[in-house]
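Visitor: I have a structure open and would like to talk through how it is put together. Can we go piece by piece?

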Amino acid sequence: MKKFVYLSHNQSIKNHLFSQSIIMFLAVVMMLINTGCSQKVFHPSPPTVNKTRKNLPYLKIGILPLQNFQNQQRMIKQFDSYLEKSLGRTVDIQLAKNYDEAVNWLVEEKVDIAYLGPLTYLEALDRGAKIEPLVASIDKNTGQPWYRACIIIKSDSSIHSLSDLKGRRVAFIDKLSTAGYLMPLAAFRKLNIDPNHDFKKFIYTGSHTKSMEALENGIVDAIATHIPFYTKQKKMGKFPQNSRILWESDPMPQFPVVVLKKLPPELIKQLKQAFINTPDGIEDINGTESAGYTLVSASDYESIQQIRKDLNLISSPSK
């Protein structure tokens, strides 16, 4: 969360002209602060700086734009408060405008921690990010640290198989999305379906929420997303009720929370403990129904790396 710093002074204002100058200066500052900050999540009130926190560097956390900003803001606020209390330091959580920006933040070490999809994590490694996976959430419905990609269509659609999507309109999330691109693409390739030639059109929406809206509004005939998102949104009445699952993938490893390797070992240990001890009632920051977190390692994502290799999607060797 972005932290506000309050400035104070003891010098008295001696004349009206100086007073007006101060007022004008503050007005300009407020205008600058309120400009271009739509991707920041703020505390509703200034945090209390205590002795355990004031001398510790704050932690910067980046997350993917998986849902609309309002939903993620609510989840971020809750988790931010928990982490600050657990770690005894200020936490600054920022929402990336797209998947590529989240990767760049890690490569450039602009964040210390990030919530990434499996594919995004591997892409970050390819680009030279010095990171390691820390934990992954446990799916509340399966009790396992994995999830499934899926293709969703409307219930009354004449589409009955992936092959029927030829000549149709399809929405993906992002080229760096595991469920919203990689896994469906692998399924299409097995059927010799090429999105570039066999679909009437395909689009990248940028988030699962936007894909859901595209299906509901008739912009596309099918969308790529994942089962936990679909299940939760439909349960909440937000997903089109006249929708159904056309296809679902094999299980794939959950979103990893990754950290920079250069972080102090003691801090990494604290982070692991904080995630593992996350109390019930705190939503997973990616918006899925979570039953807590479990430790993960690089080897857990080898299956996704193999799919990337099979599809020739690795543009440069890992560093």
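Guide: What follows goes through the sheets, some of their strands and helices, and then the nonpolar cores. Keep in mind that this is a predicted model.

Visitor: Start with the six-strand sheet. What is the strand order?

Guide: The order is β2-β1-β3-β12-β4-β13, in an open sheet with mixed pairing. The edge strands are β2 (91-95) and β13 (290-295), each of which pairs on one side only. On average, neighbouring strands in this sheet are turned by 25° against each other, direction ignored.

Visitor: How does β1 pair with β2, parallel or antiparallel?

Guide: β1 and β2 run parallel and are joined by five bridges.

Visitor: How many residues of β1 are buried?

Guide: Four of the five residues of β1 (residues 59-63) are buried, so the strand is largely enclosed by the rest of the structure.

Visitor: And β12, how many buried there?

Guide: Five of the five, so β12 is also largely enclosed by the rest of the structure. Both of its faces are covered: P256, V258 and L260 are buried on one side, V257 and V259 on the other.

Visitor: Which way does β3 pair with β12, and over how many bridges?

Guide: Strand β3 (residues 113-115) and strand β12 (residues 256-260) are antiparallel, with three bridges between them. I113 stands opposite V259, and A114 has V258 as its bridge partner in β12.

Visitor: What about β4 and β12?

Guide: That pairing is antiparallel over five bridges. I131 faces L260 of β12 there.

Visitor: Where do I find helix α3, and which of its residues are buried?

Guide: α3 covers residues 99-107, and its buried residues are Y99, A102, V103, W105 and L106. Those residues span an arc of only 155° around the axis, which puts them on the same side of α3.

Visitor: Why would residues three or four places apart end up pointing the same way?

Guide: An α-helix has 3.6 residues a turn, so residues at that spacing point the same way.

Visitor: What caps the N-terminal end of α3?

Guide: N98 does, with a side-chain oxygen 3.2 Å from the backbone nitrogen of D100. After the helix comes E109, whose phi is positive, near 55°.

Visitor: Switching to the five-strand sheet. What is the order there?

Guide: β8-β7-β9-β6-β10, open, with mixed pairing. β8 (201-204) and β10 (243-248) stand at the edges with a single partner strand each, so one side of each is left without a neighbour in the sheet. Neighbouring strands here are turned by 30° against each other on average, direction ignored.

Visitor: How do β6 and β10 pair?

Guide: Strand β6 (residues 149-154) and β10 are antiparallel over five bridges. I151 stands opposite W247 in β10.

Visitor: Which strands does helix α7 lie across?

Guide: α7 (residues 208-216) lies across β6, β7 (169-172) and β9 (222-226), and runs at about 150° to β9. Helix α8 (residues 227-235) also packs on this sheet, where it touches β6, β9 and β10. The direction of α8 makes about 170° with that of β10.

Visitor: Last topic, the largest nonpolar core. Which members touch the most others?

Guide: L106, I151, L165, L271 and F275, out of 77 residues in that core. Helix α5 (residues 178-190) gives the most to this core, with eight residues.

Visitor: What does the second core include?

Guide: That separate core has 12 residues, among them C150, L215, I227 and F229.

Methods. Residues numbered from 1 in each chain as written. Predicted model: local features only at pLDDT ≥ 70, side-chain atom pairs only at ≥ 80, totals over all residues. Heavy atoms only, no water. Core = buried A, V, L, I, M, F, W, Y, C linked by side-chain atoms within 4.5 Å. Buried < 20%, exposed > 50% of the residue type's maximum accessible area, 1.4 Å probe, protein only. Helix = DSSP H or I, 4+ residues; strand = E, 2+ residues; numbered from the N terminus. Pairing = 2+ DSSP bridges. Axes fitted to C-alpha atoms, helices over the stretch in contact; angles between N-to-C directions. Contact = heavy atoms within 4.5 Å. Arc of directions from axis to C-beta. Polar contact = N/O pair within 3.5 Å; in protein donor to acceptor, adjacent residues only side chain to side chain.
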